[in-house]
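Hi,

Here is the structure I said I'd pass on.

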Amino acid sequence: ENELCGKVVWVTGASSGIGEELAYQLSKIGALLVISARREDELERVKKKCLQISSLSEKDILVLRLDLTDRSSHEAATNNVLKYFGKIDVLVNNGGRSQRSLFVDTNLDVYSAIMELNYLGTISLTKHVLNHMIQRKKGKIVTVSSVMGIMGAPLASGYCASKHALQGFFNSLRTELTDYPEISIINICPGPVQSKIIQNVFTENLAKSIENSGDQSHKMPTDRCVRLTLVSAANDLKEAWISDHPYLAVCYLWQYAPTWAWWLMNKMGKKRIQNFKSGVDADVSYSRKKK
């Protein structure tokens, strides 16, 4: 609360899921907010609730429509934020989409769209915001990656690729900023979370949406994930894995015992595909439903 109160925090993908919950928790601790997404009407809804649950006033929250795939608009968007608040203390790169489809069934233009949104859109916006932070010699860039950024899993090959790309990019960028010790690069790697990301996933072609997102109640509550994300950001953790077991245990296997991880993922992956094809959530069999 002390670290982020009064800071200007720009959250992308703020119209639903993790981004929406970030806006709520940040407003409660007194952060000045810029909330962005493509759906301006949903952003206005989020702003209205932020004002209801916090002591912020109308002028403390800027609704800024943003399309991450329209990279030509990112410089102007950044300038709009700077004109309004005069600074950007924290950028939270949260916007993005997941995937549920097998590679053999998936059109290549889906992979292009995933990389354009999750990877290129994110680093494009980061580039403009980072120029400002370098001038000030301080700031935080928080990127919501995924446990899929440190492992591989079936049905999400394009999503995994985009998150691996973000991990590699921001880990490299951090090494380029050693002359700016007060600029923090923070990667957040959530596991399965009760957000709306499943309802909006890429499938085997761009025109098709997922038919049944399945029961999501076995996953980590969104508010818990966001709370841990903000704790990680406030304490400048370079990387945080935010997940329940067994996914967290699998992360450690991928990090320290990859041969065992490959063997286990072959077992888990087969079940994941079976779940998906039968119309239930792909990960439903790996977690105990919380009572």
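**Notes on the model**

Thr12 touches Ser36, Leu66, Val92, Asn93, Asn94, Gly95 and Leu125, leaving aside residues up to four places away in sequence (contact means heavy atoms within 4.5 Å). Before the rest: this is a predicted model, where local features need pLDDT of at least 70, side-chain atom pairs count only at pLDDT 80 or more, and totals for chains, interfaces and linings use all residues. Residues are numbered from 1 along each chain as its sequence is written, and side-chain values use heavy atoms, with hydrogens and water left out.

Back to Thr12: it sits in strand S1 (residues 8–12) and counts as buried because its relative accessibility is 2% (buried is under 20% relative accessible area, exposed over 50%, partly exposed in between; 1.4 Å probe, protein chains only). Its side chain reaches the backbone nitrogen of Gly95 at 2.9 Å.

Now the salt bridges (a side-chain nitrogen of Lys or Arg within 4 Å of a carboxyl oxygen of Asp or Glu). The structure holds twelve of them. One joins Lys47 to Glu58, with the closest N and O atoms 3.0 Å apart. Lys47 is in helix H2 (residues 40–53), and Glu58 is in the loop between H2 and strand S3 (61–65). Lys47 is buried at 10%, whereas Glu58 is exposed at 52%.

Arg71 and Glu116 also pair up, at 2.8 Å from N to O. Arg71 lies in the loop between S3 and helix H3 (74–85) and Glu116 in helix H4, so this bridge ties together parts 45 residues apart in sequence. (Helices, H or I with at least four residues, and strands, E with at least two, are DSSP runs numbered from the N terminus.)

Cheers

Key:
A polar contact is a pair of N or O atoms within 3.5 Å; within protein, one must be able to donate a hydrogen and the other to accept it, and residues adjacent in sequence count only if both atoms are side-chain atoms.
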